[in-house]
Amino acid sequence: MARISCFPMLALVLLCGSGLAAQDEWKSLEWKSLEEAKKVAAASDKPIFLVAVLDTIELADPVFKKLRTRARADEDFKIFVSAKINVFKLDPNAAQNGGTSHGTDPVLVEKYGDMSTVSVYAPGANTPLWRLNAGAHKDDIFKQAREAYEKWRKDVDELEQQMKDDKELKKDPEALWKLGEAWARGGSAERALDNLDDALKLVRKADKADRRIEKWALRCAEVALSCEEYADAAKRFTAFLKEFKDSESRNEAVLGKTAALIGANNFKGALKTLEDIKADAPPEILDRARKLHEKATKGAAE
């Protein structure tokens, strides 16, 4: 009888252990904020899997629940740091009238995509290297995300391995530039610009008349802008405009500097910069300048 009485206790222990394990598994799938995920990704050199949700009540969105359940059974998910961004925005008029709102914030949607959009960020990146609208609805979304990341990462790793195997490549501006561009495709400003700047320095040192200097200086500013390093981008565009006063790319640099200043919330500076666009500039330049002017004017008024 004494032996028999042990079985219920043992079953209880196993049941509790199983419950704790399930809880641990559930916690391991906790979806962080993007800022939290960036810190973890930078420290672990892992990519981020970001999903845009309407998270009005914690974990209430059905798409998000489905995605979480799917993640538990998918090995591909394990390479990522999981993150979510809530693109919900309450409509005060609807709430005031007794209605319910399931609207989205247009600013957040422009940056992260509408509800159920999935994005993959490289370690240290501010911008995604891959994005799929309504991706959370796809049964193989984690496989797609992993393949997109690993394809990009393979290129970067191969180039960096070449640098390790052949030390002379670190003195080759074209090799450094190629590696910098690879990191730029992943949205990682710091790693991209470290290599691009080194390449530019080598070219400047070898021949101050090298035609690549003007082209590469502008490209470095564009990379900073595309990676949302707005203050750095504004400085780089300013330096380009000062050094290459007669450049055929001057209008592009002015528009780039304007966009960078808008990104940095320096709307007055952006409007001032646009004054450098001449009235006889090509229609395409004038059209882009007009759109930036509207954006800067709106920002200054808010």
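Predicted model: local features only at pLDDT ≥ 70, side-chain atom pairs only at ≥ 80, totals over all residues.

Me: How many aromatic pairs does the count come to?
Reply: The count comes to 10 aromatic pairs. One of them joins tryptophan 31 and phenylalanine 49 in an edge-to-face arrangement, with 6.1 Å centre to centre and 70 degrees between the planes.

Me: Which parts does that pair tie together?
Reply: Tryptophan 31 is in the loop between helix H1 (2-28) and helix H2 (34-44), while phenylalanine 49 belongs to strand S1, so the pair links parts that are 18 residues apart in sequence.

Me: Is tryptophan 31 buried or exposed?
Reply: Tryptophan 31 counts as buried because its relative accessibility is 6%, and buried means under 20%. Phenylalanine 49 also counts as buried, at 0% relative accessibility.

Me: What does phenylalanine 49 touch?
Reply: Leaving out residues up to four places away in sequence, phenylalanine 49 touches Trp31, Leu67, Phe80, Val81, Ser82, Ala83, Val118, Ser119, Ile141, Phe142 and Ala145.

Me: And which residues touch the most other members of the largest nonpolar core?
Reply: Those are Phe49, Val51, Leu67, Trp130 and Ile277, in a core of 70 residues. Helix H6 gives the most to this core, with 9 residues. There is also a second, separate core of 13 residues, and Leu34, Leu50, Leu54 and Val87 are among them.

Me: Changing topic to the strands: how many bridges join S1 to S2?
Reply: Strand S1 (residues 48-53) is joined to S2 by 6 bridges, and the two strands run parallel. Within this pairing, leucine 50 stands opposite alanine 83 in S2.

Me: How many residues of S2 are buried?
Reply: In strand S2 (residues 81-86), 5 of the 6 residues are buried, so the strand is mostly covered.

Me: One more topic. Where is the place of glutamine 144?
Reply: Glutamine 144 is found in helix H6 (residues 141-165). Its relative accessible area is 25%, so glutamine 144 counts as partly exposed.

Me: What is glutamine 144 in contact with?
Reply: Apart from neighbours within four places in sequence, glutamine 144 is in contact with Trp130, Leu132 and Lys138.

Me: And what separates glutamine 144 from aspartate 76?
Reply: The C-alpha atoms of glutamine 144 and aspartate 76 are separated by 9.0 Å, and these two residues are 68 residues apart along the chain.

Terms used
Residues numbered from 1 in each chain as written. Heavy atoms only, no water. Buried < 20%, exposed > 50% of the residue type's maximum accessible area, 1.4 Å probe, protein only. Helix = DSSP H or I, 4+ residues; strand = E, 2+ residues; numbered from the N terminus. Pairing = 2+ DSSP bridges. Phe/Tyr/Trp six-rings, centres within 6.5 Å; stacked < 30°, edge-to-face > 60°. Contact = heavy atoms within 4.5 Å. Core = buried A, V, L, I, M, F, W, Y, C linked by side-chain atoms within 4.5 Å.
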